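Visitor: I have a structure open and would like to learn how to read its side-chain features. Could you walk me through it?

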Amino acid sequence: TLEDRASPWKCALPIPSHEEKGRATFGGSNGFNLDLVSESLRADEEVVRTALAHDGRAVLLASRALQEDRDIMLIALQQHGWLMTMQKHPKQFTDDKELVLAACATDGEALEFASDRLKADEEVVRTAVANDWRSLVYADEELRGDLGVVTLALSKDGRALEHASQGLRGDLRMARLACIQPPSGDWRALEFCSDELRADRPFLREVIPLHEDALQFASPLLSSEPTFMLYAVSRSGHGRCLKHATGEIANNKEVCQAAVKADGTALEFCGMQLRENFSVVLPAVVQTWRARDLASEELQFHPKIKLLAEVQTNGEVLARGSDELKKDLQVVRAAVAQNVESLRHASDSVKGDAVFMLAEALKNGLVLKHATPQLQGDATIVSACVRQAWRALEWASPPLKADPLIVRSACAQNWRAVELADQTMLCGDRPGMLLVLRQQGNLLSRCSFKLQDDAEVVATALLHDWHAITHASARLRADKQTVLLAVAQGAGFALRHASRELRDDPEVVLAAVRQDGHALRFASDRLRQHRLVVHAASSQNRTAIAFALPKLHSPSSPSPLPSPPSPLSSPPSPSSSLSSHRQPGYERCGYEDGDEDEDGDGGEEGEVTNDPRTLAAPLCLAAARGLQRSRWVEEDAQGTAAAAVVERGYLPFTKPRQPQQQPQRQQRQQGAAAARKKRIYSDPTRIRHAPPHGPVPFQQK
């Protein structure tokens with residue numbers, strides 16, 4: 001405490017204990033916790049180092065002795081270079097290269113407080129400039145004229161040219177790097193170039209297009225020259241740079257016309273005489289309707305200028321214009337740019353102008369809707385309109401709707417263009433239909449019989465929509481590769497449209513049931529009773545077991561799938577096939593020796609059953625282990641459907657489980673509803689119109 005430090009017999013600070021150090025550093029997530037400890041702990045090097053590890057600014061709270069410690073300051077400056085601005089540290093720190101380098105690496109502005117010797121050190125200056133280009137101002141004059149150091153600063157920001165030496169400011173290469181070259185180029189650096197460069201025409205022609213205000217740093221000799229200003233306002237695209245012109249440029253008609261064509265609001269900087277000039281105001285209003293307010297009061301209410309400004313905000317205003325203005329191309333063009341439907345108010349001479357309509361078609365193809373019938377039959381104009389908007393095909397003449405090139409151009413943008421094209425031509429146009437089928441495969445139904453029998457056309461349609469197989473020819477629906485391609489799109493139901501032979505093909509049926517187990521319903525009877533096919537279908541969807549035949553085929557051969565039956569061979573007996581195929585250890589499907597008759601059906605111990613239900617059990621889906629019998633399982637007349645299954649092996653047939661009790665959620669809902677009814681009808685005050693004989697029972701109500 002201060003009292004302890006003032007005591008003559010306690011001139012030295014008390015030595016903190018290890019427990020106090022631990023408490024001081026326990027909240028180490030914040031180095032400013034050093035402000036909460038005693039003076040003795042602030043003078044402890046271990047405590048201060050712990051605080052600096054979390055925040056270098058904690059050195060501000062340390063004792064004066066530790067602030068003058070070089071190692072402590074090095075740790076702090078490595079995190080926050082601005083700590084070099086402290087006035088408390090010894091002057092020898094500003095001449096310590098290692099400390100200054102650490103400070104400049106994190107804050108380039110720390111170079112300001114370095115000694116003159118280090119300000120002339122190239123390594124220190126480069127480190128500071130790499131962190132902050134503004135630190136170039138604190139470098140030694142010799143280094144500010146160094147090409148490497150200045151180039152490094154300009155690569156950060158072009159405005160660093162301000163702090164370069166006079167010799168480098170007049171260097172054209174440095175000026176280009178500062179003003180033009182991306183990403184650090186900045187047109188504002190033109191202000192710091194030498195007078196010779198600011199009067200250099202080729203250099204200014206590169207800088208002025210960058211910004212409309214760049215002309216303010218050009219030489220006054222050039223900003224008052226009509227030839228240069230005409231180039232500046234027309235080629236740069238910045239008409240508002242006219243505000244930086246000097247001399248009589250504001251009254252120069254040619255320069256002002258070029259300026260308002262680039263930007264209509266540049267009319268603000270034209271002379272008053274030119275604001276009353278119709279040939280100057282008109283191009284300004286054509287460029288933007290806002291220029292109308294900058295013109296003289298007389299021209300603001302000129303019929304053409306007024307209508308021209310209004311149609312730019314609402315094209316339908318063209319309907320209120322005079323017949324003369326409805327023939328004016330400038331007015332109609334402005335109205336169509338705002339709303340293409342306003343073209344219907346234009347005169348027929350404008351609608352039949354091929355040059356005007358072609359120019360507008362390149363902007364909006366829907367102008368074909370209001371073109372004259374003669375232009376709607378012009379292949380050049382219709383083709384331009386359709387390329388810009390496929391819907392324009394609707395208003396093309398019938399012969400052009402049958403033009404393959406025009407129709408293909410529309411279909412390439414949107415498949416719905418097939419509704420607008422000539423159907424007779426389109427259904428037989430193979431390239432056009434390929435463009436459509438890549439977007440909507442089900443449009444194979446629109447194709448001719450020849451295209452529906454084309455393998456490439458059908459494959460293109462199937463890649464987009466497997467339903468297209470329904471429209472394929474009978475030959476392709478009997479083609480194995482075509483059906484497999486449809487199935488590969490994730491649609492096992494494509495098997496429904498396959499030929500009878502492919503429904504009996506093991507490879508095709510297996511591919512289908514692996515995509516959708518319910519595709520088993522479309523397989524042949526021979527495969528619907530095959531163990532592996534049914535197992536694959538049930539693995540995909542457990543309810544697919546409903547489509548398996550009651551007597552499942554179980555081949556004794558080790559081949560994974562049976563070969564197609566020979567017409568000369570007689571079909572094997574189901575009973576012999578089922579009885580001959582049994583796995584080891586499961587021959588006895590009844591009760592084993594020593595087991596009790598839990599079902600109570602009177603079965604004898606060790607009895608070998610021939611019940612088809614037991615033999616069919618291993619063919620059911622493995623995922624149904626422990627579940628009830630599915631309501632989708634179809635039983636034959638003798639009830640031979642399987643109901644208990646495991647993934648491998650055999651299980652004896654078990655009786656169906658009793659239905660489960662009602663779910664708890666349903667019970668709670670019913671209980672809550674009953675309580676609510678009881679509460680309402682037991683309180684007559686809660687009934688709006690209670691009858692005299694009391695509440696109406698719920699059932700009666």
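Predicted model: local features only at pLDDT ≥ 70, side-chain atom pairs only at ≥ 80, totals over all residues.

Visitor: Which residue meets Asp195 in a salt bridge?

Guide: Asp195 pairs with Arg198, at 2.5 Å from N to O. Arg198 is partly exposed, with a relative accessible area of 23%. Both belong to helix α13 (residues 195-198), and because they are three residues apart there, about one helical turn separates them. Salt bridges can also share partners: Glu212, Asp213, Arg240, Lys243 and Glu268 are joined into one network in that way.

Visitor: How many salt bridges are there by this rule?

Guide: The count comes to 36 salt bridges. Another one to look at joins Arg126 and Glu122, whose closest N and O atoms are 3.0 Å apart. These two are four residues apart in helix α9, so again the separation is about one helical turn. Arg126 is partly exposed at 31% relative accessibility, and Glu122 is partly exposed at 38%.

Visitor: What does the salt bridge between Lys97 and Asp121 tie together?

Guide: First find the pair, with 3.4 Å between N and O. Lys97 lies in helix α7 (residues 97-106) and Asp121 in the loop between α8 (116-119) and α9, so the bridge ties together parts that are 24 residues apart in sequence. Lys97 is partly exposed at 29% relative accessibility, whereas Asp121 is buried at 18%.

Visitor: How should I read a charged residue without a salt bridge, and what is the case for Lys351?

Guide: Lys351, in helix α24 (residues 348-351), is buried yet has no salt bridge. The nearest side chain of opposite charge is that of Asp348, 4.3 Å away, while a salt bridge needs the nitrogen and oxygen within 4 Å. The side chain of Lys351 does reach the backbone oxygen of Arg344, at 3.1 Å.

Visitor: Over which rings do the charged ends of Arg205 and Arg292 sit?

Guide: Here the thing to read is the distance to the ring centre. The charged end of Arg205 sits over the ring of Tyr231, 4.8 Å from its centre. For Arg292 the ring is that of Phe301, and the distance is 5.7 Å.

Visitor: And rings with rings: how many aromatic pairs does the count give?

Guide: Two aromatic pairs. One of them is Phe493 with Phe522, an edge-to-face pair at 5.2 Å centre to centre with 80° between the planes. This pair links distant parts of the chain, 29 residues apart: Phe493 is in the loop between α35 (480-488) and α36 (500-503), and Phe522 is in the loop between α37 (506-515) and α38 (525-528). Phe493 is partly exposed at 25% relative accessibility, and Phe522 is buried at 12%.

Visitor: One last stop: is Val125 buried or exposed?

Guide: Val125 is buried, at 0% relative accessibility. Its place is in helix α9 (residues 122-131). From the C-alpha atom of Val125 to that of Ser135, ten residues apart along the chain, the separation is 8.0 Å.

Note on methods. Residues numbered from 1 in each chain as written. Heavy atoms only, no water. Phe/Tyr/Trp six-rings, centres within 6.5 Å; stacked < 30°, edge-to-face > 60°. Buried < 20%, exposed > 50% of the residue type's maximum accessible area, 1.4 Å probe, protein only. Lys NZ or Arg CZ within 6 Å of the ring centre and 35° of its normal. Lys, Arg positive; Asp, Glu negative; His and termini not counted. Polar contact = N/O pair within 3.5 Å; in protein donor to acceptor, adjacent residues only side chain to side chain.
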